[in-house]
Amino acid sequence: MAVDEADLVLLGRARESFASYWAGVDAQVRAAARTGLPVRLRPLVAFDFEAFCARRRLDPRGRDTLAAYQAEPVPAEELLLYQGEPADVLLQLMRGERDAWATGLRARSVLSRAVAQFGAAAEDESRAAARQLVDALVGGADDGDVLVLVAKAAGSVLGSYGLAVGRAADGTLVDERDRRRMETLLAAALLTSARGTATLASAPRPGANERVRVWELSPAGLTPSEHGELILAPNTPAPRGPKVDYVPGFDLLGRSG
């Protein structure tokens, strides 16, 4: 589904208001949910759709083009399970999904190129290193913390992803889909010697400053940074709530073992 006006232009539906389009999407989704079957949703990602059209020599505005794109197989676990959200909430969720899909597509493209050049072992090793680092980050987090990774390679944004840490009833710390997405981004970042940051922000607590633990991403991996405020504060609007304390992250090598 399209998630903003630019998508409608791409699909040749610029004359249709996005509000009208989204009302139709919402009605379709609700009707599908009434069948009792699970409804899973996928956002349109413009650059991926355009690449698909170029490969197939299809007009993006063609009547059957979007259906052909929709028919491309994707992992079911990557789709968003509809749970009856109101239309405005669903739109925000799908815009977040669009950004996550875009990041994942760029990261998987990096990994695919590495496999083509160096063999499957390159991806396996990078994913193993990323898994260790994410395990260490999550293992050192407190309940309610939010972990965010931002990676830039060759002067462009490779991607960013955030996940919430919280112990569920079954003992898990993070959603498995969130974990996979972050591990994929980090694996691609490690392969490309990307630069960036990882941050672990504490959950708001009454009367306490917000604590943000910071690591710098470099070809050496993730290392604790004493420059969190210098790196992050200029790009972050002044908070209206608690003051933010930027502190170096904990040692990940020791925790990942």
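Modeller: Before we look at any residue, a definition: buried means under 20% relative accessible area, exposed means over 50%, and partly exposed is what lies in between, with a 1.4 Å probe and protein chains only. At 9% relative accessibility, Arg213 therefore counts as buried. This is a predicted model, in which local features need pLDDT of at least 70 and side-chain atom pairs count only at pLDDT 80 or more, while totals for chains, interfaces and linings use all residues. Residues are numbered from 1 along each chain as its sequence is written, and side-chain values use heavy atoms, with hydrogens and water left out.

Colleague: Which residues form salt bridges with Arg213?

Modeller: A salt bridge is a side-chain nitrogen of Lys or Arg within 4 Å of a carboxyl oxygen of Asp or Glu, and by this rule the count comes to 17. Arg213 pairs with Asp142, where the closest N and O atoms are 3.9 Å apart, and also with Asp145, at 3.1 Å. Helices (H or I, at least four residues) and strands (E, at least two) are DSSP runs numbered from the N terminus. Arg213 lies in strand E6 and Asp142 in the loop between H6 and E3, so this pair ties together parts that are 71 residues apart in sequence. For Asp145, which lies in the loop between H6 and E3, the separation from Arg213 is 68 residues. Asp145 is buried, as is Arg213, whereas Asp142 is partly exposed, with a relative accessible area of 34%.

Colleague: What is in contact with Ser202, leaving aside its neighbours within four places in sequence?

Modeller: Contact means heavy atoms within 4.5 Å. With those neighbours left aside, Ser202 is in contact with Asp145, Glu210 and Arg211. Ser202 is found in the loop between E5 and E6, and at 10% relative accessibility Ser202 counts as buried.

Colleague: How should I read the packing of H6 and H7?

Modeller: Two packed helices are described by the angle between their axes and the distance between the axes. The axes are lines fitted to C-alpha atoms, for helices over the stretch in contact, and the angles run from 0 to 180 degrees between N-to-C directions. H6 and H7 pack at an angle of about 125 degrees, with their axes 8 Å apart. That makes H6 oblique to H7, given that angles under 35 degrees count as roughly parallel, over 145 as roughly antiparallel, 65 to 115 as roughly perpendicular and the rest as oblique. Among the residues that make the contact are Leu133 and Asp135 of H6, and Arg179 and Leu186 of H7.

Colleague: Where does the salt bridge between Asp135 and Arg179 sit?

Modeller: Their side chains meet at 2.5 Å, N to O, and the pair links distant parts of the chain, with Asp135 in helix H6 and Arg179 in helix H7, 44 residues apart. Asp135 is partly exposed at 39% relative accessible area, while Arg179 is buried at 15%.

Colleague: How many residues are in the largest nonpolar core?

Modeller: A nonpolar core is a set of buried Ala, Val, Leu, Ile, Met, Phe, Trp, Tyr and Cys residues joined through side-chain atoms within 4.5 Å. The largest one has 34 residues, and those with the most contacts inside it include Leu186, Trp215 and Leu222. Helices H5, H6 and H7 are among the elements that give two or more residues to this core. Apart from it lies another core, of 23 residues, including Phe18 and Trp22.
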